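Biologist: I have not looked at this one before. Can you put it up and take me through it?
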Amino acid sequence: MIIDRLPKSVALVACALVALAGCTDRANPDNVDRRSVERWNHLIAHEAEKAYDYLTPGFRETQTREVYATAMNNRPMQWKSATFKRKECEEDRCTVYVDVAYALKMPGGMAGTVSSTSTQTETWIRVDGEWYFLPK
C-alpha cells in the first residue's frame, strides 16, 4: 500500500486530509444544491412533515408542522422528480433553480393526466450557518 511507504508524519497528514474531506461545511453554498433536492424528495414522497425542517425558522413560527404537512401532502398535483439546475448566490442568500416533473389529473369529466416539467425558482437563506428555503 502506498501509505505504508510514506514517512509516518506524512501518512498522518494524508489520513487527516482524507477524513476532513468527508466533512461538509453546513454553511457552504454547495449544500443548497443538496438541500433543495432533499426538500423536494420529501414532498414527492408525501413526507411534507420532513420537508418542514427545510423551511426558514421565521416561516416555521407562522405555521405548524401539521398544518404545513396537511396542505402540501394533499395537493392535487403529483410531483414526480426534482433535479437541481443551477444557483446564484450572494453572501447569505441563494436563488436556486430546480426542475420539477409533475403529473396533474384533469378535473371533472375530462379524461387523462397532464405531465410536464417546470423550473421552480426558490429563495434559500443562510440562518445560523444552515441553508433554509424561504417560501414566497
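Modeller: The largest cavity has a volume of about 50 Å³. A cavity here is a set of points, on a 1 Å grid over the protein atoms alone, where a 1.4 Å probe fits but cannot get out. The volume is the space filled by probe spheres set on the points, with grid points joined across faces, edges and corners.

Biologist: Before going on, what kind of model is this?

Modeller: This is a predicted model, in which local features need pLDDT of at least 70 and side-chain atom pairs count only at pLDDT 80 or more, while totals for chains, interfaces and linings use all residues. Residues are numbered from 1 along each chain as its sequence is written, and side-chain values use heavy atoms, with hydrogens and water left out.

Biologist: Fine. How many cavities of 30 Å³ or more are there?

Modeller: The structure has one cavity of 30 Å³ or more. Its lining is made of Leu-43, Ile-44, His-46, Met-72, Asn-73, Met-77, Gln-78 and Trp-79. Lining residues are those with an atom within 4 Å of a point.

Biologist: Which element gives the most to that lining of the largest cavity?

Modeller: S1 does, with three residues. The elements giving two or more residues to the lining of the largest cavity are H2, H5 and S1. Helices (H or I, at least four residues) and strands (E, at least two) are DSSP runs, numbered from the N terminus.

Biologist: What classes of residue line the largest cavity?

Modeller: Five are nonpolar, three are polar and none is charged. Ala, Val, Leu, Ile, Met, Phe, Trp, Tyr, Cys and Pro count as nonpolar, Asp, Glu, Lys and Arg as charged, and the others, Gly among them, as polar.

Biologist: Where is His-46 in the chain?

Modeller: His-46 lies in the loop between H2 and helix H3 (48-51). Its phi is near 60 degrees, a positive value in a residue other than glycine. His-46 counts as partly exposed because its relative accessibility is 41%. The cut-offs are under 20% relative accessible area for buried, over 50% for exposed, and partly exposed in between, with a 1.4 Å probe and protein chains only.

Biologist: Step back a bit. How many helices and strands does the protein have?

Modeller: Five helices and four strands. From the N terminus on, the order is α-α-α-α-α-β-β-β-β.

Biologist: How do S1 and S2 pair?

Modeller: S1 and S2 are antiparallel, with twelve bridges; strands pair if DSSP finds at least two bridges between them. Met-77 has Leu-104 in S2 as its bridge partner. Their hairpin has two residues between the strands, and Glu-91 in it takes a positive phi near 50 degrees.

Biologist: What joins Cys-89 to Cys-94?

Modeller: A disulfide, with an S to S distance of 2.0 Å. A disulfide is a pair of cysteine sulfur atoms within 2.5 Å. The torsion about the S-S bond of Cys-89 and Cys-94 is about 110 degrees, so this disulfide is right-handed.

Biologist: Is Cys-94 buried or exposed?

Modeller: Cys-94 counts as buried, at 0% relative accessibility. Cys-89 counts as partly exposed, at 33%.

Biologist: Last topic: what is in the loop between S3 and S4?

Modeller: Asp-128 is found in that loop between S3 and S4. Phi of Asp-128 is near 50 degrees, a positive value in a residue other than glycine. Asp-128 is exposed, with a relative accessible area of 80%.

Conventions: 1 Å grid on protein atoms, 1.4 Å probe; cavity = no way out; pocket = protein on both sides within 12 Å on 5 of 7 lines; lining within 4 Å.
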